[in-house]
Amino acid sequence: MDEDMIRLESVSKVYREGRIEVPALSDVSLKINKGEFAAVSGPSGSGKTTLLNLIGALDVPTGGKIWLEGKDLSALDRTALSQIRRDRIGFVFQAYNLIAVLTAFENAEFVMAIQGVPAAERRDRTTAILRDVGLGGLEGRRPDELSGGQQQRVAIARAMVTGPAVVLADEPTANLDSHTADSLLDMMEELNRKRGVTFLFSTHDPRVMERARRIIRLRDGRLDSDEITKQD
Amino acid sequence: MALRNLGRNKTRTGITVFSMAFAGFTMILYMSLVAGFFQTLEDNTIGLDLGEFQMHAKGYRSDPDLYKRIEDPASVIRTASERGFNASARLYGYGLAAFGNSSAGVMLRGVDLENEPKVTRISGSVMEGSWLDRADPKGVVVGKKLARTLGLKPGDELVLVSQASDGSMANDLYKVRGVLKTVGEVVDQAGFLMSDDEFRRLLVVPTGAHEVAMTRRNKDVPLDAATAEASKAFPGLEVRNWKQLQPILARMMDMMGTSVKMVIMIAYSAVGMIILNAMLMNVFERIREFGVMKALGVSPARIFLLITAEALLSAFFASVAAAGLGAPAALHYQRHGLDLEMLTTSMNVSGMALDPTLHFRLTPAALGMPIFFMFALVVVATLYPAMKAAVIRPVEALHHQ
Ligand SMILES: Nc1ncnc2c1ncn2[C@@H]1O[C@H](COP(=O)(O)OP(=O)(O)O)[C@@H](O)[C@H]1O
Ligand SMILES: [Mg+2]
């Protein structure tokens, strides 16, 4: 279990807004192995979302390099990056980012659809995962007909249903009651144990940190601490 | 997927498609109106009196003279017919007509009653009374303004005085059979029409004709090509097409054509703005949605195709709607005309009659151009935002509100 899933080498990110430069990440080096169940924590504005976005190839760093499963992301073109996002990464956005015109079911099966998974298989897997996240019966609703927590769960279902190599989840429990949060964390742990899916959360939710086996702390965009809290 | 997206967002799709359809519909009607207007103008110019071509003996046009005649009009008409023209011979002379206490100079015309209807519609342009008839050799048809000047109406008898080709004095008594509608300035002012037989008898012109007027049977043959063909077929005659006969009118129609083209271009630009705006809004409003798709791994090429496909589908629906509404509307006004009689009295352009009814004409161009333009514009209007959406970094798109 010591193969690199994710490797960052002195990664930094500076946002530029007009003439103002906002340094969001500074000189972060980090390695996450396959099969880890890790949390990035830190106060609001410490760079958690930025870090996940960079790892998830949604954005490019202004300095340093990132490898995902041994591939240097900076060396890949847009199409190759989109393929990695589609096939290797499950991303749970802080703002859910469901597609407004699609139903819960269609949102959940979206990635499988663009992967070209046959319709019957898509239907079975989507139905099962929506039941698992507690959305059975709400498949036909549009995002605007779902509560924040329900949307969050659709987003989580969408990220996990394809069986990605790594799930990057940005504050996935922020809008969930503790019961739902617990059952989702159970699901994630199970996926992690059985299938070896790597999980990287950003969170300041103690429930998540309690479950995480490694906690990476950020402060003002710098790596503050990195500790293994549980051994497998 | 493109179709589903369109179906899911009915309001947005509706607005886009509706604005494009409305633009297309308007352009189809407008183009039909312009096509119809020029067709009517041309028909009235050449169809009532002038004919598309006229042939004369050499020198007649510069110095019209009873003696400068086309020797054998019958053979000219036959040859013309073989070359794809309808032709009719005309004879011209001048005289003085007197009715009651008034008199006026008139232009006598001997009409080939069998062939003239194949070339012009003058026989159908009688306002009062009826057209010439061989059975009534003393019955004449006069121009509208001439009738007004002399106070003539059908049934009135009048005296005509002229000089025959043998130098003798020609005079006779005629009866007005009909008064013409507006045909053209010369005929209106002075037209005194009789059958060719009567003309020959009165002015002692046993053979020949002063003019042979022709039209193309196949209007798709270009005017210039047909002119060249006729000149070759009749090397001894002067052949002129209507543009050469009425250069001012032809110039004016060209100029009107140019200004109409400019108006069309302005209209198209205005319509283009509507479509451009609709398309840009459509994509930029949804940058976030495309950003999500990209974040989930939809490739740039696929984003591009999706946006383009949606746009083309919208354009397709808009075209169907525009053509489905525009074509029948244009055809309706093509058949029935749009009567503006209430707004204007008779119009007269350079001595040619214009009737106040707008005739539409749904030509292939009137239907095809707006639709082609719509598609071209949609492609242009979509290319940029589609490209932009395809290459934008997912986070940038996600931050787009
Ligand atoms: N798109 C952006 N443009 C400019 N500044 C940004 C942008 N996104 C984040 N930032 C800034 O970068 C810093 C880190 O933000 P973020 O990664 O969202 O932190 P966290 O997720 O830990 O709250 C903050 O100061 C934030 O204001
Ligand atoms: Mg955040």
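Me: Which residues are the closest around ligand 1?
Reply: Gly45(A), Gly47(A), Lys48(A), Thr49(A) and Thr50(A) are the closest of the 13 that surround ligand 1. A residue is near a molecule if one of its heavy atoms lies within 4 Å of it. This is a predicted model, where local features need pLDDT of at least 70, side-chain atom pairs count only at pLDDT 80 or more, and totals for chains, interfaces and linings use all residues. Residues are numbered from 1 along each chain as its sequence is written, chains are lettered from A and ligands numbered from 1 in the order in which they are written, and side-chain values use heavy atoms, with hydrogens and water left out.

Me: What about the backbone of Lys48(A)?
Reply: One of its N or O atoms lies 2.9 Å from an oxygen atom of ligand 1. That is also a polar contact, because the limit is 3.5 Å.

Me: Why is the crossing of α2(B) and α12(B) called right-handed?
Reply: A crossing is right-handed if the near helix is turned clockwise from the far one by less than a right angle. The angle between α2(B) and α12(B) is about 35 degrees, and their crossing is right-handed. Axes are lines fitted to C-alpha atoms over the stretch in contact, and angles run from 0 to 180 degrees between N-to-C directions. The axes are 8 Å apart.

Definitions and conventions
A polar contact is a pair of N or O atoms within 3.5 Å; within protein, one must be able to donate a hydrogen and the other to accept it, and residues adjacent in sequence count only if both atoms are side-chain atoms. Helices (H or I, at least four residues) and strands (E, at least two) are DSSP runs, numbered from the N terminus.
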